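Hello! Here is the structure I promised to pass on to you. Have a look at it first, and then read on for what turned up.

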Amino acid sequence: TNIETLLNANENDSTHAKPVAPPEQIQDRVGFIFNNLSLSNMQSKSDELKDTLKDEYWDWLAHYLVVKRVSIEPNFHTLYSQFIDTLKKETLNQFILTETYRNIKVLLRSDKNEQKFSDRALLKNLGSWLGLITLAKGKPILHRDIDIKSIIIEAFQKGPAELLFVVPFVAKVLEPAGKSKIFMPPNPWLLSMLSVLVELHNEPDLKLNHKFEIEVLCKNLNLNINDIQIKCVLRNYEIVEEQLTKIKDTKAASNETVQQQQSSQLTAIQSHNLLNQ
């Protein structure tokens, strides 16, 4: 899977302070630790990592883990999650969560089409990871970080290209709720999310692969899709804040506004001159 979209976004994001990377020798050592990580040596590798990496590099480690490991290695998500728990570094946990949300938003706001296989795979993997480090551990996904219900409805309103990214992503986010004592069915928040998905599932023009993904999600959560109550919100829900749209560059947007104002002033002057003639 190609992580070029994430790497380019991190390189060009002027709103985000890039983490300071440790010396190359230490980076290689960190890579070696992750390459040789297993359930049997987790505690020793945890001690080795804490001895290798100073606290000032935890934000760099979070970036490395999310972008270069988690996004392309879904089979190791459980291992990495347990490793993070073994480290017992609350600061690192927060850095990882922040980095996860940030890269998910990069992919949600990226250009979307059926040929973007890598970006769709990255988004699915990060969705699975997000659910694992939040819902599966009894931690909520806050509305201010990602509004899942709104994302589904916005994708429906925008069309098939958006749904191609959003439906698999949401399904992966919600699936780990089945491992949680708090968010497992019949949790009201989970059922609210599923209600929108099932309403989408009932749309006659929805692609079969999306219908299948929703059906598999319900099965994995031990729910009968026909028992989930729908509330008819897809066409009646007002999107307050678009989450699937690129954020305009502030400077570019400012220049555009100035140009529009200058154009309006010029038009007004021309109209005034014509009237005086």
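Before the rest, some background. This is a predicted model, in which local features need pLDDT of at least 70 and side-chain atom pairs count only at pLDDT 80 or more, while totals for chains, interfaces and linings use all residues. Residues are numbered from 1 along each chain as its sequence is written, and side-chain values use heavy atoms, with hydrogens and water left out.

**Two helices side by side**

Helices are DSSP runs of H or I with at least four residues, numbered from the N terminus (strands are E runs of at least two). Helix α2 covers residues 24-35 and helix α3 covers residues 42-52. Their axes come within 10 Å and cross at roughly 170°; axes are lines fitted to C-alpha atoms, for helices over the stretch in contact, and angles run from 0 to 180 degrees between N-to-C directions. That makes α2 roughly antiparallel to α3 (angles under 35 degrees count as roughly parallel, over 145 as roughly antiparallel, 65 to 115 as roughly perpendicular and the rest as oblique). On the α2 side, Ile26, Arg29, Val30, Phe32 and Ile33 meet Lys45, Glu48, Leu49 and Thr52 of α3, where contact means heavy atoms within 4.5 Å.

In one of them, the side chains of Asp85 and Lys137 meet at 3.0 Å, N to O. Asp85 lies in helix α5 (residues 77-87) and Lys137 in the loop between α7 (117-133) and α8 (148-158), so this pair ties together parts that are 52 residues apart in sequence. Asp85 is partly exposed, at 40% relative accessible area, and Lys137 is partly exposed at 32%. (Buried means under 20% relative accessible area, exposed over 50%, and partly exposed in between, with a 1.4 Å probe and protein chains only.)

Lys207 and Glu114 also form a salt bridge, at 3.0 Å, N to O. Lys207 is in the loop between α10 (188-201) and α11 (208-220), and Glu114 is in the loop between α6 (90-108) and α7, so the pair ties together parts 93 residues apart in sequence.

Glu154 and Lys158 meet in a salt bridge too, at 3.1 Å, N to O. Both lie in helix α8, four residues apart, about one turn of the helix. Is Glu154 buried or exposed? Glu154 is buried, with a relative accessible area of 2%, whereas Lys158 is partly exposed at 37%.

**A mostly covered helix**

Of the 14 residues in α10, 11 are buried, including Leu190, Met193 and His201. The buried residues of α10 pack against α8, α9 (160-174) and α11. At the N-terminal end, Asn187 caps α10: a side-chain oxygen lies 2.9 Å from the backbone nitrogen of Trp189.

In the loop between α10 and α11 you will find Glu203, which is buried at 14% relative accessibility. The Glu203 side chain makes a polar contact with the side chain of Arg235 at 2.9 Å (a polar contact is a pair of N or O atoms within 3.5 Å; within protein, one must be able to donate a hydrogen and the other to accept it, and residues adjacent in sequence count only if both atoms are side-chain atoms).

Enjoy exploring!

Conventions: A salt bridge is a side-chain nitrogen of Lys or Arg within 4 Å of a carboxyl oxygen of Asp or Glu.
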